[in-house]
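Please open the model in a viewer and keep the selection panel at hand. The tour goes from a cavity to a sheet and then to the helices across that sheet.

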Amino acid sequence: MAAKPRLLAYLNGMPDFESTYPVLARLHLRGKVEVRALVYSKLLRKERRLSGVFEKEGFAPEPASKLRMKLLFQRDIRDADAVLTIADPLWDTTTRKQRGTYMRRIGQQSVFLQHGAYQVGVNARKIDEPMEYYSQQLLFWEPLGDNRALFTPETAGRVEVVGFSKKNILPGARWGQEVSDWVARYPKRLLVCQSFRWGEGRYTKDHIGHFYDLMDKALTRHPDLGIIIRSHRGKVRKNHRSHDRDLARKHPNVMFSHYYSGPLAKATIHDAIDLAHAMVSPTSTTVLDCIYSGKPAAVFAENLPLFAELPQIGDLPGLEAFIDGIGRPDPVYDEVRARFGDLDGNLDRAAEAIEHRMLARAAQS
């Protein structure tokens, strides 16, 4: 009996885990291809819940050192028939880009999986001219629309639509007394996300100032409302650190979701969503995370079309109207879930797409 084709994936950090592990676990369960994943050993130490997830899902990636993940990757890549990645080998700008360079040099097959609802190089322009992707298979969450113009015709022809595939499979976090007491004091809670990590690109100082002024007004006007403010992945940057300190000194009803400090240290976006009744976010994957968790979400008014059907928050009256509506059914969220698909069905669709290509190639060789 011929050996099954082997798919390799690298879980460098939580973005890779959240985006690719559900697909890998589904492929492993289906059993039509051999699935192999390497997980950075430091990630296992940082997120202790992962070992329980691997046991529950029945698929355990192999722990790997930083050296093996970043430098000594050649044999692992050669031994695979394809590599699943969230960064195309032609466009990877991370410290792992050497793997993509090696894949291109040896002609290794690449399967690209979309990992962001609003993602540069997928539905936001990265360069002025049409992009050519190296990956032979591109798995997107939605059919190509206006973003077709971002790609060369040949690259656009490789896109397959699988739907939203970022399924949350981590168990809920357990918090200490400080969080429990804060939750008890504020029976209505709103999660507010910000992503001021692009410097003078997508956001400016004016955007940052407007955001914190809006938060100050909301916290002042609604002292019985608990607001959790979460920066992108809980990371604190100098362009908003002082703003956070000012709000914390002034308002007891604000709590910050900072990954490396504070009562919500190590929280994922889903941990933060679990503590809230609704969310306001920039145009981001966090919007889908919230809606698929069964909670209402609004977006800040950025003049972007991706979630144009959702409430657009640009000022305090708009924010207050959204807060007042929390708890009332709204069919718009069912429409968003229908648009991006059922998670389990999407995972099967992604698995089938990968299997079909890998098995077809194996039959030809």
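A cavity is a set of points, on a 1 Å grid over the protein atoms alone, where a 1.4 Å probe fits but cannot get out; lining residues have an atom within 4 Å of a point. Grid points are joined across faces, edges and corners, and a volume is the space filled by probe spheres set on the points. The model is predicted: local features need pLDDT of at least 70, side-chain atom pairs count only at pLDDT 80 or more, and totals for chains, interfaces and linings use all residues. Residues are numbered from 1 along each chain as its sequence is written, and side-chain values use heavy atoms, without hydrogens and water.

**The cavity.** The structure holds one cavity of 30 Å³ or more. Select Phe17, Glu18, Lys166, Lys167, Asn168, Ile169, Leu170, Thr268, Ile269 and His270, which line the largest cavity. Helix 1 (14-30) and helix 11 (269-274) each give two or more residues to this lining; helices (H or I, at least four residues) and strands (E, at least two) are DSSP runs numbered from the N terminus. The space inside is about 80 Å³.

Next, display the six strands of the open, parallel sheet, in the order 10-9-8-11-12-13. Strands pair if DSSP finds at least two bridges between them. At the edges are strand 10 (254-257) and strand 13 (312-313). Four parallel bridges join strand 9 (residues 225-231) to strand 10; select Arg230 to find its bridge partner, Ser257 in strand 10.

**The helices.** Finally, select helix 8 (residues 177-185), which lies across strand 8 (188-194), strand 9 and strand 10, at about 135 degrees to strand 10. Contact means heavy atoms within 4.5 Å; axes are lines fitted to C-alpha atoms, for helices over the stretch in contact, with angles from 0 to 180 degrees between N-to-C directions.

Methods
1 Å grid on protein atoms, 1.4 Å probe; cavity = no way out; pocket = protein on both sides within 12 Å on 5 of 7 lines; lining within 4 Å.
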